[in-house]
Amino acid sequence: MSNTGVIFRREFAAYFNSPIAYIFIIVFLVLNCGLFMTPFFLAQLADMRDFFGNLPLFLIFFIPAVSMRLWAEDKRSGTFELLMTLPMKSSEVMLGKYLAAMAFYVVALLGTLPIPLMLALLGNPDLGAVFGGYLGALLLGGLYMAVGIFTSGLLRDQISAFILGMLACFALFLVGVPAVSATIDGWVGGLGSFLQNAFGLMPHYQALQRGVLELGDLAYFLGLTAVFLVLNAVWLEGRKY
Amino acid sequence: MIEVRDVTKRFGATVALDGVSFRLDKGEILGFLGPNGAGKSTAMKIVTTFLAPDSGTVSVDGIDVLRDPLEVRGRIGYLPENHPLYVDMMVHEYLQFVGRARGLAGDELRRRLEWVVEACGLGSVYRKPINELSKGFRQRTGLAQALIHDPEVLILDEPTSGLDPLQIIGIRELIQSLARSKTIIFSTHILQEVSPVTDRVVIINAGRIVADGRIGELERAAMGRNRIFVAYRAPAAEAEAALRGLDGLHEVRPVAGREGAARFEVRADFGRDVLAPLGRLGQSRGWDLLELQESPFSLEDTFIALTRQSGGAREVSHV
């Protein structure tokens, strides 16, 4: 098994070694499906736009809660030293942890599949938009998770890592909201628009949600995810000095 | 096998290691001694590549820790000071995980698992969750983790801390049984733990090496002279005068003894036989000899003497 695979296996199992995983998944499904189903019965539209529309805000809380333990727990318990003296690159350890957390998120996301199945039975949903929505949810979660694993590495304490991760994700979310960028533009001309274009995630996410697959949007999510993972790897190496 | 040369490490304004050098040949066991906070753990973390030195070089089996850390890590089994255990796992899951992470698989992994479970006495807890284990079993699980890949070098940071006397003996015997085939550094601040396992020690204080050598040599260097206790059934003043007249004795100090005995602590140069003259003195005066013994300095005495004179430590080092 590859080095990353060994770490992945242990980290993924770690989520399910405690009841927290099940609680997380239940909360994720109950809140998301609950938030979706209430207006669904009123609007009577066979699409998932509301569901995916809620995700960027909801995941700001959910993803950092999943990622907070990734490094902070190891640093607290002493296993960090074990991991960092294994004969493998620290980036391999990090990738294993990241992928395990993502796999956990995917499990939670898979739990929402009954919704599109139900829609397909009841009506005639735009499957392209549903697919784009799930892809967007995956990419968005991947970006938040990369922010989360990075902030988890900076701190020893899981709760602090959670709060810092949440703030960082919230900042990425906010700069993409037109009202916020307009306000910042009012303080410093052009800054708000610049931040919105460079970092704001909403425009990219909304494009995917409509089922429009464009290279730019994919590049935004994958690129920014890579930036945070590289920052994490740099921090892991720099910590030695 | 392990060579540490002139290593310095700072954490902010604190100097954790200041020009530390020592070397260890293949198959040697080194007791790494020093008060808490002296820099033992920092030095070990640098050898295991967990930390990088600010300056100086460290090599394991000829491989530089900065140039090829993965190669170095593959050769080292490391037990950090805080149990490096995943308490949510069972003992066997944990050991399998570390084994796989160290590149073992299949039959080889199974053989090594059997060996460490046997060697570390983990058979009775093999399928128990780690968070239900006693401190002794946790420590042994940590040790098993360090041994799983049959490393050439073992680095053990305070392997016996917090254990009861029986458990300490168990760990000590385990280290001794590994001695022939492995190069081992273990740290401790408890002196009695060193001498049963090895006589090679490095003493570190406030980030500097204060002594490096065999325990016996260090005692001589630190204390300067041998110490002998002698007691006669004789009038104290008379006996003291007689002793002061004897050749080769540097200090004569009356110390408490049993009723009717004149008891003294005397110092003599190492290698000079003063026991025979002391015995003859009693005979010639008609005093019964009640006690006559060379009393080696305890490691504690040596340790305190060496760490106190840290300033003048440079002369003592590398005996």
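**A chat about chain B**

Modeller: To start with the inventory, the secondary structure of chain B comes to eleven helices and 14 strands. Keep in mind that this is a predicted model.

Colleague: Okay, and what box do the C-alpha atoms of chain B fill?
Modeller: Along the principal axes, the box is roughly 80 × 45 × 30 Å.

Colleague: Which domains does the assignment give for chain B?
Modeller: Domain 1 covers 2-206, and domain 2 covers 225-294. Taken over C-alpha atoms, the centres of domain 1 and domain 2 of chain B are 47 Å apart.

Colleague: How much of chain B is buried?
Modeller: Buried residues account for 40% of its 319 residues. As for contacts in chain B between residues at least 6 apart in sequence, 70% of them join residues at least 24 apart.

Colleague: Let's talk sheets. What is the strand order in the open sheet of four?
Modeller: In chain B the order is β12-β13-β11-β14, and the pairing is antiparallel.

Colleague: Why do β12 and β14 of chain B each have one side without a neighbour in the sheet?
Modeller: β12 (249-255) and β14 (288-294) of chain B stand at the edges and have a single partner strand each, so one side of each has no neighbour in the sheet. From one strand to the next, the twist averages 20 degrees.

Colleague: How many bridges join β11 to β14 in chain B?
Modeller: Six, between antiparallel strands, with β11(B) spanning residues 225-233. If you want a pair to click on, B:Y232 has B:L289 in β14(B) as its bridge partner.

Colleague: Which helix lies across those two strands, β11 and β14 of chain B?
Modeller: That's α9(B), residues 275-285, and it runs at about 170 degrees to β14(B).

Colleague: Nice. Last topic, the interface: how many residues of chain B are in contact with chain A?
Modeller: 21 residues of chain B are, and they meet 17 residues of chain A. On the chain B side, α2 (69-75) and α3 (91-101) each supply at least two residues.

Colleague: And what classes are on that side of chain B?
Modeller: Eleven residues are nonpolar, six polar and four charged.

Note on methods: Residues are numbered from 1 along each chain as its sequence is written. Chains are lettered from A and ligands numbered from 1 in the order in which they are written. This is a predicted model: local features need pLDDT of at least 70, side-chain atom pairs count only at pLDDT 80 or more; totals for chains, interfaces and linings use all residues. Two strands pair if DSSP finds at least two bridges between them. Axes are lines fitted to C-alpha atoms, for helices over the stretch in contact, and angles run from 0 to 180 degrees between N-to-C directions. Two residues are in contact if their C-beta atoms, placed from the backbone, lie within 7 Å. Ala, Val, Leu, Ile, Met, Phe, Trp, Tyr, Cys and Pro count as nonpolar, Asp, Glu, Lys and Arg as charged, and the others, Gly among them, as polar. Domain bounds come from an automatic or database domain assignment. A residue is buried if 20 or more other C-beta atoms lie within 10 Å of its own, exposed if 12 or fewer, and partly exposed in between; C-beta atoms are placed from the backbone.
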